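The points below may be read beside the sequence and the model.

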Amino acid sequence: MAIKIGIITGILLFLVDFFAIIPLGIVFTMGINSITGIPLYLVNYDSVQSYLWGTIDGVVGSWWIEFGETGIYSFALIQMPAIIACVLMLSGSFSKSEKGKKGILVSVIMLIMVLVVTTIDMLLGGKYLGISGAIATTDLLSALGMGYYLLIACIVLGIFTLKSHPDNVTE
Amino acid sequence: MTNNAESDNGSKGFRILPFVGGILALYVSFFALIPLGLFAPLFGTSLTDLSIEILVIDDLYFFIWGITDGVTMATDFSTFTLESLFPMLIWIIMVSAGILGLVGSAYNEDPKKIKKKIKLAALFIIIVIIFYVSLYIFYYLDDSSVVIIGFGFYILCLIVPFYILGAHRITDYHEIE
């Protein structure tokens, strides 16, 4: 059971870490395109969508590193921990030893850290999320995106994976 | 007496029927059409296609993943509102049915558990079919609307017997023991 939930969590994390949308209505006109999709941004504010990997300002997408010094902090505090969490979650799910369980625990802690950093940054200025100002608490619900909710879902699933992970059994 | 019944209880190895059902369920959940005449020079382009909408009501195409008039989206998942909650739920149910079918086709475990998973997947598809049948009846009784059943609906109806037969085959082998 732990393996299955862990793999699903790892795949969801991978999607949120690297994708802009989950494509829906895939068509085959002029190559492979999609009619719509589930956007995976963390927050959408003032026409800037902030993802785990960077931002999209209208049409132009930017990776964190392109933002200069602030971007490096964003990369270190938001994207890198999420990628490490994804790797640890997947490797921990396939391992039945104590090491695997510890890996999943570290993964969950990292995800909680990413969630806390993004939430605080949203409310205090949006400097590390690439948005132009603090989001008022009244506007927060409308600004939050599917990526943010998926992050919460991954944390919850990670906790379930931890609880059902088999301990190291040596005979 | 050999242990043929134990090794043939349907819980070992690969089960093709739930696998095909799972693939079909996931395909309908993510794709808008079946490409025909794939065109090699431009990768992934097709010369023609078969659209897999579930229903067509007054020139609105109802897919599992949303509603479109061919130009714009009538519903989408970009905003988390009450209106988008129900379509999202239908989509999640379909994706879950697909994943359960795939998991039920490949994992080697207790036959009862595999059977439960596949039956649950079939139940999910039946719920979705009931939803669209209700929608069809509602709009059919409304004389001002034109309702057409799409090819996607027939695919949904095809998935259910795949799952039921897949679960039934496991039951048969288990009862021989």
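This is a predicted model: local features need pLDDT of at least 70, side-chain atom pairs count only at pLDDT 80 or more; totals for chains, interfaces and linings use all residues.

1. The secondary structure of chain B consists of five helices and seven strands. Read from the N terminus, the elements of this chain follow the order α-α-β-β-β-β-β-β-α-α-β-α.

2. Chain B has 177 residues, and 41% of them count as buried. Among the contacts in chain B between residues at least 6 apart in sequence, 68% are between residues at least 24 apart.

3. One residue of chain B deserves a separate remark. B:S145 lies in the loop that links helix 4 (111-141) and strand 7 (147-149) of chain B. Is this residue, B:S145, buried or exposed? Its relative accessibility is 13%, and because buried means under 20%, B:S145 counts as buried. Leaving aside residues up to four places away in sequence, B:S145 touches B:D58 and B:Y139. With B:D58 there is also a polar contact, side chain to side chain, at 3.3 Å.

4. In chain A, strand 1 (residues 21-27) has five buried residues out of seven, so this strand is largely enclosed by the rest of the structure. Strand 1 of chain A runs antiparallel to strand 2 (residues 33-39) of chain A, and six bridges join the two. Within this pairing, A:I22 stands opposite A:I38 of strand 2. The hairpin formed by strand 1 and strand 2 of chain A has five residues between the strands, and A:M30 takes a positive phi near 55° there.

5. Chain A also has an open sheet of four strands, in the order 3-4-5-6, with antiparallel pairing. Strand 3 (43-45) and strand 6 (60-63) of chain A are the edge strands; each has a single partner strand, so one side of each is left without a neighbour in the sheet. From one strand to the next, the twist averages 20°.

6. Which strand of this sheet pairs with strand 4 (residues 48-50) of chain A over three bridges? The partner is strand 5 (residues 54-57) of chain A, and the pairing is antiparallel. A:Q49 is found opposite A:I56 in strand 5 of chain A. As a general point for reading such a sheet, side chains in a regular strand alternate between its two faces.

7. A:A134 belongs to the loop between helix 3 (98-124) and helix 4 (137-143) of chain A. Its relative accessible area is 38%, so A:A134 is partly exposed. Not counting residues up to four places away in sequence, A:A134 touches A:Y45, A:M122, A:L123, A:L124 and A:G125. Between A:A134 and A:Y45 there are 89 residues of separation in sequence, while their C-alpha atoms are 9.3 Å apart in space.

8. The final point concerns helix 5 (residues 146-164) of chain A, which has 19 residues. From its first C-alpha to its last, helix 5 of chain A reaches 26 Å, close to the 27 Å expected at 1.5 Å a residue. Its buried residues include A:M146, A:G147, A:Y148, A:L150 and A:L151. Further along helix 5 of chain A, A:C154, A:I155, A:G158, A:T161 and A:L162 are also among the buried residues.

Conventions:
Residues are numbered from 1 along each chain as its sequence is written. Chains are lettered from A and ligands numbered from 1 in the order in which they are written. Side-chain values use heavy atoms; hydrogens and water are left out. The expected span of a helix is 1.5 Å times one less than its number of residues. Buried means under 20% relative accessible area, exposed over 50%, partly exposed in between (1.4 Å probe, protein chains only). Two strands pair if DSSP finds at least two bridges between them. Axes are lines fitted to C-alpha atoms, for helices over the stretch in contact, and angles run from 0 to 180 degrees between N-to-C directions. Contact means heavy atoms within 4.5 Å. A polar contact is a pair of N or O atoms within 3.5 Å; within protein, one must be able to donate a hydrogen and the other to accept it, and residues adjacent in sequence count only if both atoms are side-chain atoms.
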